[in-house]
Amino acid sequence: MNRVERRLTAVSSFLSYAGRLTLVNSVLSSLPTYTMCTLKLPVAVIEYIDRARKHCLWRGSDMNAKGKSLVAFKKVCRPMKNGGLGVINLRIQNEALLMKHLHKFYNKMNLPWVTLIWNTHYPNGQVPHISVDKGSFWWRDIMKYCDHYRGIANCKASNGTTVLLWNDVWNGCYLREELPRLFSFTKNENVSLAEFMADEEIQNHFHIPLTEQAYQELQELQVKILHVRSQDSQDDVWQYCWGSQIYSSRKFYALPFKSVTPPDTFHWIWKSKCCKKLKVFAWLLLMDRLNTRNLLKRKNYKLEGNIYSCVLCNANEEETAFHLFFHCAFSTMCWHHIGIHWDFTLPFFDMMIKAKTDSNLHFFMEIFIIAAWHIWKQRNGFIFQQITPTPRMDARPIT
Ligand SMILES: [Zn+2]
């Protein structure tokens, strides 16, 4: 934590948002990586590092500085292709890195620690996930993730020592749901597949007599068991939901964000050839998180004279991001100047897509970002330095 703080106090207050983002991603986020590969970070430590990263990104180096973040940290922590800024979510990253121990363990890899744990804690064929609270603090921490592990992995059963007959998914079936009537007669619902297969008298595992339907299901079960028995000399193999037997912490990390699909426009930002400073600016613009007067009003920030209207035109309209960059007479003039037309009848992101299609330019996004940046600079120049706005980009150097 001290190291995080030391790094933080260095230079961040002199950097733009893009510079700070790079600092957060490549320095602050990677400091705990080595530890996270082995140990589960306590929640308090993760919160502390998150606090430092939030400060670094939005408020510079002073840990006690006040001021609200421009964007919720949860959104910042999404990967770029899911509409965020790609800041690492330490909790998920920690889990993704520790999960590889479970991968080695459940697949019984030929490693000294794997053999040691199997022999010491599960010598009589116990299935690990029903005999929790065994072993060192380290192993108990790792086993806390075993439910998630079994959620992403499916066992290809051979000798059946790592799976439960009823309560695990093996060979693509979840017997508890597939054979519900037979399951209602079972004596021990946590019996392992290996234990069940070792018993020649299969009916010992059920309360008899069985009903007719349950008996039919028992025959189905026998067919499945017969199939597994033919190869019971090998170890079970666990396969992952991304269709491979190789565990990848990168793929695991991406899973929770899979359902977050932002509009295409966000992908265009990161694909564009603009510098990172402009990309972060465009991202803030599309997230509607630029400090326009409307945003200041929403944050209850009092402006002199309570004037929240746009300064670039005389329409006396409130300065929302949409007005400032698209609707304002000044911006309209700018867009007209470079030949981009907006169809205001469409929803915002459809309007962007249509403008791109109509303009038929490969570098549409670059033009859009640079022009929007220019409008933003003109607006700031007028407010803070009383420089008259001009739509001509070469009228004065853009800094
Ligand atoms: Zn205006």
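These legends walk through several close-up views of one predicted protein model. Residues are numbered from 1 along each chain as its sequence is written. Because the model is predicted, local features need pLDDT of at least 70 and side-chain atom pairs count only at pLDDT 80 or more, while totals for chains, interfaces and linings use all residues.

Figure 1. The protein chain has 21 helices and two strands; helices (H or I, at least four residues) and strands (E, at least two) are DSSP runs, numbered from the N terminus. Its radius of gyration is 30 Å, well over the 21 Å that the globule rule gives for 399 residues, so the chain is more spread out than a compact globule. That radius is taken over C-alpha atoms, and the globule rule is 2.2 Å times the number of residues to the power 0.38. Along its principal axes, the C-alpha trace spans about 90 × 50 × 35 Å.

**Figure 2. Confidence along the chain.** Here we look at pLDDT, the predictor's confidence in each residue, from 0 to 100. The mean for the protein chain is 85, and 93% of its residues reach 70 or more. Over residues 395-399, the pLDDT is below 50, and this stretch has four contacts in the model beyond near neighbours in sequence. Two residues are in contact if their C-beta atoms, placed from the backbone, lie within 7 Å.

**Figure 3. Helix α4, end to end.** How far apart are the end C-alpha atoms of helix α4? They are 23 Å apart, which agrees with the 24 Å that its 17 residues (43-59) should span at 1.5 Å a residue. The expected span is 1.5 Å times one less than the number of residues. The buried residues of α4 are Ala52, Arg53, His55, Cys56 and Leu57. A residue is buried if 20 or more other C-beta atoms lie within 10 Å of its own, exposed if 12 or fewer, and partly exposed in between, with C-beta atoms placed from the backbone.

**Figure 4. Helices α19 and α21 packing together.** Helix α19 (residues 329-338) and helix α21 (residues 364-385) pack at an angle of about 145°, and their axes are 11 Å apart. Axes are lines fitted to C-alpha atoms, for helices over the stretch in contact, and angles run from 0 to 180 degrees between N-to-C directions. At this meeting place, Ser331, Cys334 and Ile338 of α19 meet Ile367, Ala371 and Ile375 of α21.

**Figure 5. Cys328 in its loop.** Is Cys328 buried or exposed? Cys328, in the loop between α18 and α19, counts as buried, with 22 C-beta neighbours inside 10 Å. Leaving aside neighbours within four places in sequence, Cys328 is in contact with Cys310, Leu312, Cys313 and His323.

**Figure 6. Two loop residues with positive phi.** Asp288 is not a glycine, although its phi is positive, about 55°. This residue is in the loop between α16 (276-286) and α17 (293-298), and Asp288 is partly exposed, with 15 other C-beta atoms within 10 Å. Asn316, in the loop between α17 and α18 (321-327), is also a residue other than glycine with a positive phi, near 60°. Asn316 counts as exposed, with 8 C-beta neighbours inside 10 Å.

**Figure 7. Glu189 and what it touches.** Glu189 sits in the loop between α11 (180-183) and α12 (193-198). Glu189 is exposed, with 12 other C-beta atoms within 10 Å. Not counting residues up to four places away in sequence, Glu189 touches Trp166 and Asn167.
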